[in-house]
Amino acid sequence: MDLPIVYHSDYVAPLPEGHRFPMPKFRMLYEMLMAEGVINSDQVHTPERPPQEWIELVHTPDYVQAYCQGTLDPKSQRRIGLPWSPALVNRTCVAVGGTILTAKLALQYGLACNTAGGTHHAFPEYGSGFCIFNDLAIAASLLLQKNLVQNILIVDLDVHQGDGTAYIFQNEPRVFTFSMHCEVNFPGTKQQSDLDVPLPEGMEDDDYLQTLAAYLPDLLSQVRPDLVLYDAGVDPHVGDRLGKLALTDTGLFRREMQVLGTCLSQGYPVACVIGGGYADDLKSLVYRHSLVHRAASNVYRQVG
Ligand SMILES: [Zn+2]
């Protein structure tokens, strides 16, 4: 069995030309992974749109309904930062289904990667920062509800704090939230994760990787999770428009090898989502997102 990869063509929703959130990156990522032989079609799993009840494990029925029907008030809509359309509603829900499927595949095979996901700024009653529904929180809540796991560790290395996820699970002892992010970046008001590691602006590869190494192994022995949900946001990259850290491509690849190697070698299953990444040069951005899949393929071969 090859490393399970989760993708749906509906991950791409049309947005107005020049919108700062580049939707084509999801298809380009899939195409790059296929074209370069990192993955083949046999290992691709296609998610379904989840029932609304699953989304309501985390989000209030009022919010879910208003968003899905396009009746959200303009202020809440602006806070999301993406123009509403039925295609975006479907895309949003399918991507949540993708992270749920990735988490289930990770439990079955030890490692699995979504080609979307990581919408960690979504709160129960509202969306924020390009995030509408919190896929990480919904997947975690569903697996707990179905008794598929007893506890979960969320490792959020997107450069922005996983504030929605931290808030959602603040009183849930079965989910440990770990966020390592740039301290002077969005969101302006931080929430309290179970462990926050704020990083100074401009941090480079070696300092970043040493900081991660100082926390992750201990965290795994402390939490002993049944599943790790890994948000592999690539916005800590030096070329990212919204990042403020200074990692290189090599640094990001080393990060993915470090996270996946540390978890897998100790027997902890990992479900990966791609998280944030913002750059005008889409091809470079897509390459950065592909690093987690490349690292996962390596690690999966070594361990499997
Ligand atoms: Zn981010």
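I count a residue as buried under 20% relative accessible area, as exposed over 50% and as partly exposed in between, using a 1.4 Å probe and protein chains only. The model is predicted, so I read local features only at pLDDT of at least 70 and side-chain atom pairs at pLDDT 80 or more, while totals for chains, interfaces and linings use all residues. Residues are numbered from 1 along each chain as its sequence is written, and side-chain values use heavy atoms, without hydrogens and water.

**Zinc site.** I looked up the donors (N, O and S atoms within 2.8 Å of the metal, or 3.2 Å for Na, K and Ca; water is not among the atoms, so sites may look incomplete). Asp158 (OD), Asp158 (OD), His160 (ND1) and Asp235 (OD) coordinate the zinc ion at 1.9 to 2.7 Å. Asp158 is buried at 2% relative accessibility. His160 is buried too, at 5%.

**His181.** I checked this residue next: His181 is buried, with a relative accessible area of 3%. Its contacts (heavy atoms within 4.5 Å) include Asp158 and His160, leaving aside residues up to four places away in sequence.

**Charges over rings.** I took a charge as over a ring if NZ of Lys or CZ of Arg is within 6 Å of the ring centre and within 35 degrees of the ring normal. Lys25 lies over the face of Phe21, 5.7 Å from the ring centre. Arg91 lies over the face of Phe26, at 4.4 Å. Phe21 and Phe26 are both buried.
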